[in-house]
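Q: I'm new to this one and would like to go through its charged side chains with you. Could you put the structure up?
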Amino acid sequence: MHRKLRNIFYEVRDPVLGWDDIGGYADVKETLREMVCLPLKKPELIRRHNLGLPSGVMLWGPLGTGITMLAEACAKDAGVSFVYISGQEMLGKGEELVEAFDCAIHEAPCVLFISDCEWLAPRAGCDYEWGPGNFRAIPPTFADKELTRLFIEQIDRINAVEGVMLLGSCYRIDTVDQAVIKEKKRFNRKVFVHPPNAQDRLGMLEIYLRAMPNLAADIDPRSLAEAAEGYVGWDIESLCKRATVNAIKEDATTVTRAHFEKALKEIRQFLTPDMTAKYFQIREMDCPHHYEF
């Protein structure tokens, strides 16, 4: 029986969100189906083919792109429990961290997802600057060495447990302790959740538009997605809300293209051009090898 736990620092639950609840990222979803869901669904067949099971999968990319939702969708696809640990909430809480890993062992088979791994295991001496003077979304604090050591111990402990698929996330792969991402028995697979392209943004936009009951016929989602360069998921949500506010302020009964065009000027994109360029630079410099499985 699955335990339903909702704590401040971690939670254990049946997954609710699926692939269709996440806009865009068809390429990332397919990679996760293979790298996370297949090992949970067909571990014996994978062993029979001597393919080797991933020890852990690290998803990395911009904030606001739905990485936590992707992890939950993996659990739903595989039909297992979802154990979520908030890395930033675990700072200074070693006892709770061990307790959360204990819960994952109890829940097996399950997906164990740990967000903000760079908070728990920061890489010493790394450069957090995107471009000259741009330090957007840099973590304000990090775990001490003792908690980092404990975190790595727990990763090693969980990898000895059958049926627990280990997933982590970070916003930049080059800011995570190399002991976590280079060691084969830990996070030995990396999945780049890239800055959203126009097709990804269109997928996100369509999800929010479906929830808007009074859209005018002149709205072209594809052109809006093209114009929303640098937007991540939460920017797209803000765009739709801002357009609706613009309509209400004019006592309009429908939300029109003009309301969206005004909103595009009001919503600042999360991703600046230097951040987008840096992400792809890191991808080439830090992850030159790309696993097929």
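Q: Thanks! What do the side chains of K41 and D77 do?
A: They meet in a salt bridge, with N and O 2.5 Å apart, where a salt bridge is a side-chain nitrogen of Lys or Arg within 4 Å of a carboxyl oxygen of Asp or Glu. The pair links distant parts of the chain, since K41 is in helix α1 (residues 26-41) and D77 is in helix α3 (residues 67-78), 36 residues apart. Helices here are DSSP runs of H or I with at least four residues, strands are runs of E with at least two, and both are numbered from the N terminus.

Q: Before we go on, what kind of model is this?
A: This is a predicted model, in which local features need pLDDT of at least 70 and side-chain atom pairs count only at pLDDT 80 or more, while totals for chains, interfaces and linings use all residues. Residues are numbered from 1 along each chain as its sequence is written, and side-chain values use heavy atoms, leaving out hydrogens and water.

Q: Which residue does R149 pair with?
A: R149 forms a salt bridge with E146, and their closest N and O atoms are 2.1 Å apart. Both residues lie in helix α6 (residues 145-158), three residues apart, which is about one turn of the helix. R149 is partly exposed at 37% relative accessibility, and E146 is partly exposed at 48%.

Q: And what about E266 and R242?
A: Those two form a salt bridge as well, with the closest N and O atoms 3.3 Å apart. E266 lies in helix α11 (residues 257-266) and R242 in helix α10 (residues 233-249), so the pair ties together parts that are 24 residues apart in sequence.

Q: Changing topic, what does UniProt place at residues 218-262?
A: The unreviewed UniProt entry places the feature "domain: AAA ATPase AAA+ lid" there; UniProt positions are given in the numbering used here, feature names are shortened, and annotations may be inferred rather than shown by experiment. Over residues 218-262 the chain is 67% helix and 0% strand, with the end C-alpha atoms 15 Å apart.

Methods
Buried < 20%, exposed > 50% of the residue type's maximum accessible area, 1.4 Å probe, protein only.
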